[in-house]
Amino acid sequence: MRWLRILCYIALFFLGAVHAEAQSNLDAPISALECKGNLSKCLDLLTNQTNVSFNYKNDVIEKSKFQIKVQNTTLRAVLDEVREKCDIDYAYSNAIGITLVQRPKFYVLGSLVHATSSERLSGVSITYTSQRLPLESDKNGLFSIYTTQDELEIIAYHPLFQLIKVVIKPSENKFIYIKLTPIVALNEIEVNQLDSIKLPFKSFDELSPSQKIVPTVGGETDAFNNIKLLPGVSNVSFGNRGLIVRGGGPDQSSTLIDGVPVYKTFHLLGLFSVLNSSSINNIKVHKDGLPLKYSNRLSSVIDVGLNNGNKQKTSAEADIGILSSGFSINGPILKDKLSYALTARRTYFDLLSLPIQRLVDRNSDLKSTNRLWCFDIFGKIHFQPNYKNQFSLMSYNGGDQLNFETRFLVDNEKQTDEQTKSGLGWRNNLVGFQWHYMANSRIQTNLEVSRSTYNLNFLDRYSLYQKELELVNELSYSNGLSDNRITMDADIILNKNNMLQVGTGFIRYTFEPFKQNYNTKNLISSFDTLLTTQGVTATESMVFAENKTYFKGGNVVYGMGIRYFNSDTFNYIRLQPKFILTQNINRYNQLKFGFSVVNQFIHQAPNNNLGLPIDIWLPISAQFKPMNVTQLSSKYVLKKTSFESSAGVFNKYYTNMLEFANGGPLKGEGDLTKNLVSGIGRAYGLELASKYSKSDYSIYAAYTYCRSLLTVAGINDNLAYFSRYDRPNEVNILAEHKLNAKDKLIVSFSYASGNPITIPSSRYMALVNGEQVIIEEFEKINNFRLPSTHHVDISYVHTKSYARFRSTLILGIYNIYNQHNPFMVYLGVNKNDEPSLKSRSYLPVMPMFKYTLSL
Amino acid sequence: MKIIGYLFLALTLASCEKELSLDKTQFEKKLVLNCIIAKDSLIQGKLSQSVGLLSVPSLNSLSGSMNIVLKRNGILLYSDAAILDSGRFSLPYIAKVNSEYELQVVFGDFPAVKAKDLVPANSLVVEMDTIIEQSVSYRLKFSLKDPPGSHKYLLQLSSQGKQLVENDSLDTQIPTDFTSSDKVFLSTLRTVILDNSYSLFDDALFEGQKKGFELVIPKDQFTVNSFKPQRIVLRLSCISENMFSYYKSILENTHIYGGPLANGFGQYSNVDQGLGIFSFYTFTQKEIPLR
């Protein structure tokens, strides 16, 4: 036994000596090392300096690149760096050398869902063990993690949900579901925990409708109203339709609902948008480096995701307000697999005003009916048979209708029945199908098929029926377009530093720009005349690839899209490069730089004055090349736990921008593009935004300085002039104060400079067929700037929970100091019967009221 | 609930008017020529000026001396001072067919204006067919023999007759409105929607051929004016390209021809540095008696 014990001591001594040798090898000093290139070369340098040899399989290190420049360090520190950068571990050492082995790699795909409804949650902040950069879930509620850890702790944070920590073993869990439970009342613990969590630099351009309720006219909680608060985004003019994004007009912004484009985004001359807040899951506004998949508009892409519907239980919501009323219902068809969501909204101006009109006309033979209404219906079915496949089918139908009708009915001997009817209405119809497939934890694919149509109709009808007399005059007008598209794309995680997105798509447009019909029937004659412009079809094809490369403290996105536009008589092919560099200076500061080139192949016919709200979409032509913009932008972001701020500048250079040769509008005949000319343009500006929030109050402020200019040969003496979308200064302030867990006070202030419009500069008398006619002369276009607009709105939001439902009451005052913001300008007469330029405003001070019940 | 709705409706619809300052809108005063001259008549016209947007323009506002240069086919005819009397001027030269006239006018401190136009050559062959009286209208048929080449036309209708004015019966000629379903008229919609006493068309669809027309003349326009028509006067003019463009843009800008898309923009003018029109036409006039 003794001998055995002695032998053991000797063996231990030798083992200890070997270990000590290995330790001494790892602690071998390195005075200076500079190496760049293949890892094998660096290892050779290390061997030269330390006399330690390395054992490895060639396939482990042959593709590994390594770069280091160190002084007065140890071999251990260098190998730690190798482990970190190349995922190669030094698993074993002895007197002969050190063996290098590949660390196991894991890609984990996660899905974040609402605990009670299984609704996807986008914009959730994710932090995890040994994470280099914080990340957040995408619009599908998904996130992916690359790790070499055996065990991973994941923390998910969203301000409206309870913080959650999940520990997983990546070798066993390639796909994880994380369910977040909503916070009923925010408490201090949640806030304090934030300090220890590394949060991503969230852009102000990402909106979650559930996070912000900003009531506007009538108490409506409009999603686009929130978008208008962002820096760089404003209205065309007060109360007018469409958004201006960084000096670009409404036709330069694309609004996509679940990937389906919507061509008319505002109701009732811009009072509120088609986006019903209760049906929306997430909104992302892209202004810099538009996603190549959708980059066929010059200024922005507004990507809206609809709710998939509750997969656990049926839930419903109904609201009533002074402007509109609506409901939404959603629930499971097959629990956890198949769900539906249905949302409808309608205004009832017309229903309320009808009794008033009847009262006014009660003693008159003349009855008038003026009706103004709009509606939206969203429907969606979402099917998730397993975690790999998701199918959805959405549909939207919405529109406006404005009717003026009169009827003069006299029971005399002639039995006179005289009627007039005028109507203007438009409809959006959208249908879209999406299939999202996760091949594995590194590859996701999307297939989208959609159809979107927009149609506008105008009718003016007069009829007179008497004994032995029938007279009918009818003028109708219509225009529209349809957009049928299919796109496929794939997100591929190439390795821990690179994520590639590739895709292809095809769009078929059909334009019907002008159709006018006149129909008359009387004792003298009977006509039926149709004036129409031939419909145009065109196709747009695209392929793209963009890669996101992560590096220490930042990432770079670069890519290239190719778009091919084709019609019967012309075709164009255009390249669209994109580059966005994001660098985190430290945990609180970030810098961004972007460069992109975008082309646009369809446009709205320009209309510089205030005519009927008619949008005519046309393709570019053989004569007019695709509109193009090159944008350079940069942004600085500061983020602290309760304070965030950003400052950015942008510069856009346009070519092939379209304008009418004489500044005039469309004419009702023949080629609608015959008076068009093209020129160059520029937009530049500064965007500032800040937000400060505490548990019971928050203040958000945004300021935009933006100029938008055009230079077109033959217009305004060939000099640069301000475009219709030039609103240099815009300020938005939003303050929220939580009075208690149930009550909230919101005050918002909006200011914007007036935009230029075209008015006549002089008048003269002409002799036409022997009669004197006053002609108005338009020397220059956009020669008059409307006064600036501003208003303050105050609202009070009260929420109350009952046993089975929850209620939200919004009360407030819109435009509290009754500012008369100009909506249109016209030439009238003043008190002295002299010609006078007048502005007409609407939306004075008015109440807000909205009551919502949620089950 | 309804009360709140009514209140909201009333507030929304109670829009407000406000006068705007026009200080920032500047304009350059220009001379306006109104010279629409028939073949074989004196070169004459009206000269006026444009005024600010908030002023009322007049054809008779300018008087005094002006300098005129008149050329025919590039040859100087006249270069001297001329009298402008309440906006009217006249030169002792006759507009001859197939001639191109160039007029230059200098008046006061206005920018000098210059315009030129060609006198259309064709004498038109118009044949009156019939006029049929119906219960509420007359139907007038006539034909035009279009000469070879491209031409633009202006059709005007008037009536001669007796009008009762304060118990006196006067011989009068008044513009007469008509309608037509013929799509050759450029102003088809205008002609159909509102009766009109003139209409434009070109011969693109019947170049060099004989073309028949049918016009409907509502009777009620005579009743309103206490007018008893004795004959219808049809005046068909072959007009210059400039005159056609001028009339056409006026039609477009008066919000009638273009339908819901029309707006007041881009009035055509062939006057350099000025406004208005300097143009020529050749006309044929026919009368047809009413029973």
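Student: What makes Thr255(A) and Leu256(A) count as residues that Val304(A) touches?

Tutor: Two residues are in contact if their C-beta atoms lie within 7 Å. In this predicted model, Val304(A) touches Thr255(A), Leu256(A), Ile257(A), Leu275(A), Ile280(A) and Ile283(A), leaving aside residues up to four places away in sequence.

Student: What is the largest nonpolar core, and which residues have the most contacts inside it?

Tutor: The largest nonpolar core has 92 residues. Those with the most contacts inside it include Val304(A), Ile302(A) and Ile227(A). A core is a set of buried residues of nonpolar kinds, such as Val and Ile, joined through C-beta atoms within 7 Å.

Student: Why is Phe201(B) called buried?

Tutor: The cut-off is 20 or more other C-beta atoms within 10 Å. Phe201(B) has 25 such neighbours, so Phe201(B) counts as buried. Phe201(B) is found in strand S14 of chain B, residues 198–202.

Student: How far apart are Phe201(B) and Asp109(B) in sequence and in space?

Tutor: They are 92 residues apart in sequence, and 39 Å separates their C-alpha atoms.

Student: Why is helix H2(A) called roughly antiparallel to H4(A)?

Tutor: The axes of H2 (residues 39–50) and H4 (residues 75–86), both of chain A, cross at roughly 170°. Angles over 145 degrees count as roughly antiparallel, and therefore H2(A) is roughly antiparallel to H4(A). Their axes come within 12 Å.

Student: Which residues make that contact, and of what class are they?

Tutor: H2(A) gives Leu39(A), Leu46(A) and Thr50(A), while H4(A) gives Leu75(A), Val78(A), Val82(A) and Cys86(A). By class, six are nonpolar, one is polar and none is charged.

Student: How do you know that strands S46(A) and S47(A) pair?

Tutor: Pairing needs at least two bridges. Seven bridges join S46 (residues 762–768) of chain A to S47(A), and the two strands run antiparallel. In one of the bridges, Arg763(A) has Glu776(A) of S47(A) as its partner.

Student: What makes S47(A) and S4(B) edge strands?

Tutor: The sheet is open and has three strands in the order S47(A)-S46(A)-S4(B), with antiparallel pairing. S47 (771–777) of chain A and S4 (51–52) of chain B each have a single partner strand, so one side of each is left without a neighbour in the sheet.

Student: How many helices and strands are there in chain A?

Tutor: Chain A has seven helices and 53 strands. Of its 855 residues, 41% are buried.

Conventions:
Residues numbered from 1 in each chain as written. Chains lettered and ligands numbered in written order. Predicted model: local features only at pLDDT ≥ 70, side-chain atom pairs only at ≥ 80, totals over all residues. Helix = DSSP H or I, 4+ residues; strand = E, 2+ residues; numbered from the N terminus. Buried ≥ 20, exposed ≤ 12 C-beta atoms within 10 Å, placed from the backbone. Axes fitted to C-alpha atoms, helices over the stretch in contact; angles between N-to-C directions. Parallel < 35°, antiparallel > 145°, perpendicular 65-115°, else oblique. Nonpolar A, V, L, I, M, F, W, Y, C, P; charged D, E, K, R; others polar.
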